[in-house]
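Visitor: I am new to this structure and would like to learn how to read its helices. Could you take me through them slowly?

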Amino acid sequence: MPDPVFQRLTLIGLGLIGSSVARAARDSGAAAEIIACDASAEVLARVTDLGIADRVEDDPARAVLGADCVMLCAPVGALAEIAATIALNLAPGAVLTDVGSTKLSVIRDVGPLVPAGVHFVPGHPLAGTEFSGPDAGFSTLFEGRWTLVVPPAGTNAQAVDKVAALWRRFGAMVEVMEPAHHDRVLAMVSHLPHLIAFTICGTADDLEDESRREVLQFAASGFRDFTRIAASDPTMWRDIFLNNREALLEMLARFTEDAQAMARAIRWGDAAYIEDKVMRGRKIRRSLIDLNQA
Ligand code: NAP
């Protein structure tokens with residue numbers, strides 16, 4: 001097995017993503033030692049049972065001692081508080097990274113707390129499922145998927161390379177992206193689709209009892225796919241919506257305009273418009289399949 005990328009990797013937050021990182025780090029030999037820390041005693045007990053870390057710690061400040069890499073894997077709304085708790089115990093030269101789904105807010109909230117000499121390299125694996133918690137994780141989650149590494153201007157290049165190397169060891173493809181661009185892209189490809197899924201499920205649920213029963217009983221694949229997306233963790237999605245506000249509201253405004261244009265085409269019997277939109281959808285789906293990202 002190649003040399004470890006990091007000697008001691010501390011993970012804070014051992015849910016779907018953190019526990020997948022623990023498993024992938026163990027299987028790939030990317031970290032010589034894995035320390036797990038979580039706010040929930042139940043989660044830590046489960047991590048111990050699963051045997052996916054070398055040591056568990058309930059105190060984040062203690063968990064990061066001697067770590068050359070600390071990865072924050074909690075919901076984005078919790079990262080500032082965690083950073084404040086661990087800041088003074090981070091080793092000089094260590095890399096601090098995260099997996100949060102929004103990046104400008106993480107850089108705004110965590111960046112100022114990072115002591116001089118510690119390299120802050122935010123990241124975001126574009127991989128996940130609708131499940132949460134340490135039992136939901138698996139070591140191959142990141143294989144063949146993109147991880148975006150999103151360093152603020154002026155970040156140490158070697159630290160960026162090491163974070164990229166870590167994700168490549170997990171089988172991920174890595175791209176370095178500028179933070180504001182990250183948030184706009186993610187608003188479109190992930191945050192808006194989730195917003196639509198939560199909304200459509202709410203709309204269906206608001207229907208009178210009789211029709212709601214039928215919606216569930218006869219759910220066609222279209223609605224079924226939305227319910228899968230809408231099953232995601234409420235805390236995580238609350239934090240994402242509140243922390244990518246500008247970009248998400250902009251994409252939602254564009255979407256609303258396009259939906260209104262579709263409504264107009266339906267009202268006025270504009271068959272060509274409708275057909276063109278459906279064709280574009282099919283083309284996008286085909287490109288995704290060609291790119292192996294379906
Ligand atoms: P998850 O399964 O819900 O796990 C989050 C874990 O963090 C839970 O064990 C939670 O404990 C713990 N936690 C919460 N606050 C904490 C704190 N202050 N200190 C320490 N631990 C804390 O969530 P996830 O899906 O792994 O998501 C984690 C991060 O990855 C989020 O920032 C999310 O935006 C990002 N992400 C998620 C996906 C996805 O598809 N799920 C994909 C890419 C990135 P409790 O259970 O007690 O709250």
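Visitor: Is the crossing of helix 7 and helix 9 left-handed or right-handed?

Guide: Two helices that pack together are described by the angle between their axes and by the distance between those axes. In this predicted model, the crossing of helix 7 and helix 9 is left-handed. The axes of helix 7 (residues 179-206) and helix 9 (residues 221-230) come within 8 Å and cross at roughly 110°, and the two helices are therefore roughly perpendicular to each other.

Visitor: Which residues make the contact of helix 7 with helix 9?

Guide: On helix 7 they are P193, H194, I196, A197, F198, I200, C201 and A204, while helix 9 brings F223, F226, T227, I229 and A230. By kind, the residues of this contact divide into 11 nonpolar and two polar, with no charged ones.

Visitor: How many residues of helix 1 are buried, and what do they pack against?

Guide: An α-helix has 3.6 residues a turn, so residues three or four places apart point the same way. Helix 1 is mostly covered, with 11 of its 13 residues buried, among them L16, I17, V21 and S28. The buried residues of helix 1 pack against several elements, including strand 1 (6-12), strand 2 (31-37), helix 2 (41-50) and helix 6 (157-169).

Visitor: What span should helix 1 have, and what follows helix 1?

Guide: At 1.5 Å a residue, the 13 residues of helix 1 (residues 16-28) should span 18 Å, which agrees with its end C-alpha atoms being 18 Å apart. Helix 1 is followed by G29, whose phi is positive, near 70°.

Note on methods. Residues are numbered from 1 along each chain as its sequence is written. This is a predicted model: local features need pLDDT of at least 70, side-chain atom pairs count only at pLDDT 80 or more; totals for chains, interfaces and linings use all residues. Side-chain values use heavy atoms; hydrogens and water are left out. Axes are lines fitted to C-alpha atoms, for helices over the stretch in contact, and angles run from 0 to 180 degrees between N-to-C directions. Helices (H or I, at least four residues) and strands (E, at least two) are DSSP runs, numbered from the N terminus. Angles under 35 degrees count as roughly parallel, over 145 as roughly antiparallel, 65 to 115 as roughly perpendicular and the rest as oblique. A crossing is left-handed if the near helix is turned anticlockwise from the far one by less than a right angle, and right-handed if clockwise. Contact means heavy atoms within 4.5 Å. Ala, Val, Leu, Ile, Met, Phe, Trp, Tyr, Cys and Pro count as nonpolar, Asp, Glu, Lys and Arg as charged, and the others, Gly among them, as polar. The expected span of a helix is 1.5 Å times one less than its number of residues. Buried means under 20% relative accessible area, exposed over 50%, partly exposed in between (1.4 Å probe, protein chains only).
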